[in-house]
Amino acid sequence: MDCRAVEEKLSAYLDGQLEAKELKSVAIHLETCPSCRAELASLKETIDLVRSLEHVSPPPGLKDKIMGRVDELASVRNLKESRESRGFLPWLWCRLGRRPVLSVAAAAAVLVLALALGRGLLEGGTGVLRLNVPSAGAPQVAIDMKRAEKNSEEPNATSATGGRAPETLIKSAELGSAATSTARQAVPLGRKVVQTGRLVLLVENLDPATDELVRLTQARGGFIQNSFLKRGEGARTASYTLRVPVPAFVNLVQELEKIGEVEQRELGGQDVTEEYVDVEARRRNLERQEERFLNILAQAKTVDDVLKVETQLERVRGEIESLTARLKYLDNQVALATITVELKERPRPVNTVRAFSAANLGTRLRQAMLSSVNALLEYAGQVLVWLAAALPFLLVALVPVAFVWWRKRRRRNKLRN
Amino acid sequence: MVPDEVLVKECRRGSREAFAVLVERYQAKIYNLTYRLLGNADDAEELTQEAFCRAFAKLGEFRGEAAFSTWLYRIAHNLCLDELRRRQRRPVLSLSEHEMRRYLEEVPGENPEAAELCVRRAVLGRLQEVLATLPPDQRTVLVLRDVQDLSYEEIAQIIGCSLGTVKSRLNRARRALRDKLSAERELFFSDGVYSG
């Protein structure tokens with residue numbers, strides 16, 4: 001082993017890190033080589049000098065400083081950990097909190113969903129699946145009107161159908177006026193129906209509208225039964241009750257609608273057939289009674305008997321008369337449809353300054369506020385009810401979200417283990 | 001004495017006291033290492049704190065393949081190397097040899113023991129400065145071996161290299177230091193100043 005190789009090993013030699021074989025050869029070399037011995041001595045000197053470097057003691061309070069920082073770290077980590085391993089709802093809350101836009105959107109979605117679902121559930125049994133028909137009114141009326149027109153066009157088809165109904169029709173025809181026969185034509189299957197209509201129209205000016213209304217009614221063979229005029233705040237309102245023969249009913253309604261803007265329209269019919277038949281039957285009975293009383297009267301011997309029978313006759317005839325009047329009224333109602341037309345003038349644009357009205361201001365303010373508060377409370381209650389109704393659906397919607405949370409947590413636990 | 005492994009386990013379970021014990025046990029060693037590597041008390045203190053904080057934060061990653069102390073040394077060592085690399089870009093001025101000598105001559109000699117202590121301090125301070133002129137990798141092995149008195153195996157684990165590398169690097173470091181010191185031989189090896 002030459003000096004160069006030995007020099008390489010002297011450091012390890014001093015540390016006792018050489019293997020037995022190396023150690024031996026280095027030791028042998030050192031015995032014979034003074035320069036390597038000098039090298040070893042200087043190295044040892046150096047190492048001893050370095051070893052004599054005193055242990056510096058750490059500054060006082062180092063441990064406290066370290067622990068202070070460690071505590072800080074720990075608290076931060078605890079916060080993080082607790083945020084990660086907490087339950088589902090806090091997790092959801094935090095998630096949403098991190099993205100305010102998303103959370104607002106979610107809240108809005110939940111509210112809308114709750115309202116829609118809750119409303120649907122409360123209104124109809126099957127709730128969500130049921131489409132809300134805006135209002136059964138308009139289309140239904142259109143169909144009714146078409147059907148009515150069709151009926152009025154084919155009056156004979158109805159009288160051809162058999163059964164008891166035609167008989168009553170003939171009866172009523174015998175009793176009634178000319179109007180009754182038209183009624184017979186209009187009402188199918190001999191049903192006695194009282195037709196009524198109600199129109200609320202917005203018009204620019206009341207006077208020409210009224211004129212037009214009168215003209216149209218008369219042209220259709222009808223008349224004005226009743227009229228009523230009211231002046232409200234700035235705008236006038238008039239109400240008319242029109243009677244018109246049934247066949248012209250639908251046409252007249254259509255014509256009247258052109259006078260102004262339709263705000264409201266109701267068309268209806270009341271079936272009075274049952275009452276009619278009942279009244280008729282009672283009248284027939286009474287008529288037979290009358291006949292019998294007349295026979296008895298013819299056979300009466302004493303004045304006393306005559307008087308007694310006369311009393312009975314009078315009672316029966318009175319009843320017959322009242323029933324006949326009822327029948328006449330019904331016939332009239334059936335023959336002539338009733339239309340109530342309400343004409344409302346459009347409020348004029350305001351062009352004058354009115355004095356500030358301080359009367360009852362306090363009371364009005366209070367009432368307005370109270371009614372607002374009441375409305376708000378009522379609405380809040382309603383919202384709660386809707387939320388309750390929608391809750392089951394929301395729970396179902398939360399299932400996928402909960403699934404995501406659960407998977408995250410499982411993955412994290414796996415990582416930790 | 002509670003073994004490190006038990007304390008580490010306790011720490012993982014969230015025991016602050018267990019970590020406090022570990023800090024108590026190793027703060028001096030880590031401080032010495034950083035002090036010898038960086039040569040300046042302020043930086044040493046700062047890096048010692050940083051090392052323990054890192055250890056605490058990364059305790060979950062400690063696998064127990066090496067001893068806790070080795071792992072802790074390794075963290076401190078890496079921090080020091082980072083710091084030294086940063087310094088290389090921005091060198092720190094140290095006392096020159098000339099100033100050192102003047103400092104020695106000005107030491108008042110009224111109390112011989114105090115004077116001797118003072119001189120000895122000055123010499124060791126100078127040694128520290130010379131140490132600081134060694135390249136960081138050599139300085140590290142030298143400090144770990146001859147100041148910290150760690151085994152070759154531990155050093156290999158701390159700096160992350162083979163035993164052979166530790167041996168050769170240590171050899172190079174010692175000889176380099178010896179060469180540097182021999183230039184100021186009478187300061188370091190004259191009688192009285194150096195007495196073991």
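Two residues are in contact when heavy atoms of theirs lie within 4.5 Å. Keep that in mind for this tour of a predicted model.

Start by selecting chain A. Among its contacts between residues at least 6 apart in sequence, 77% join residues at least 24 apart. Chain A has 417 residues, and 28% of them count as buried. Now show the surface of chain A. The accessible surface comes to about 27,200 Å², and carbon and sulfur atoms account for 57% of that.

Next, select A:Arg98, A:Arg99, A:Arg407, A:Lys408, A:Arg410, A:Arg411 and A:Lys414. Together these residues form a positive surface patch. Which helix gives the largest share of the positive patch? Select residues 361-416 of chain A to see helix α15, which supplies 5 residues of the patch.

Stay on helix α15 of chain A and pick A:Lys414, which is found there. Is A:Lys414 buried or exposed? Its relative accessibility is 60%, so A:Lys414 counts as exposed, the cut-off for exposed being over 50%.

Move to chain B and select residues 68-89, which make up helix α4. Within this helix, pick B:Ser69. The relative accessible area of B:Ser69 is 12%, so this residue is buried; buried means under 20%.

Which residues does B:Ser69 touch, not counting residues up to four places away in sequence? Select B:Asp4, B:Tyr26 and B:Glu154 to display them beside B:Ser69. The tour ends here.

Notes. Residues are numbered from 1 along each chain as its sequence is written. Chains are lettered from A and ligands numbered from 1 in the order in which they are written. This is a predicted model: local features need pLDDT of at least 70, side-chain atom pairs count only at pLDDT 80 or more; totals for chains, interfaces and linings use all residues. Side-chain values use heavy atoms; hydrogens and water are left out. Patches are made of residues with over 30% relative accessible area and no salt bridge: like charges are joined within 9 Å, nonpolar side chains (Val, Leu, Ile, Met, Phe, Trp, Tyr) within 5 Å. Accessible areas come from the Shrake-Rupley method with a 1.4 Å probe; for residues, only the protein chains shown count as cover. A salt bridge is a side-chain nitrogen of Lys or Arg within 4 Å of a carboxyl oxygen of Asp or Glu. Lys and Arg count as positive and Asp and Glu as negative; His and the chain ends are not counted. The place of a charge is taken as NZ of Lys, CZ of Arg, CG of Asp or CD of Glu. Helices (H or I, at least four residues) and strands (E, at least two) are DSSP runs, numbered from the N terminus. Buried means under 20% relative accessible area, exposed over 50%, partly exposed in between (1.4 Å probe, protein chains only).
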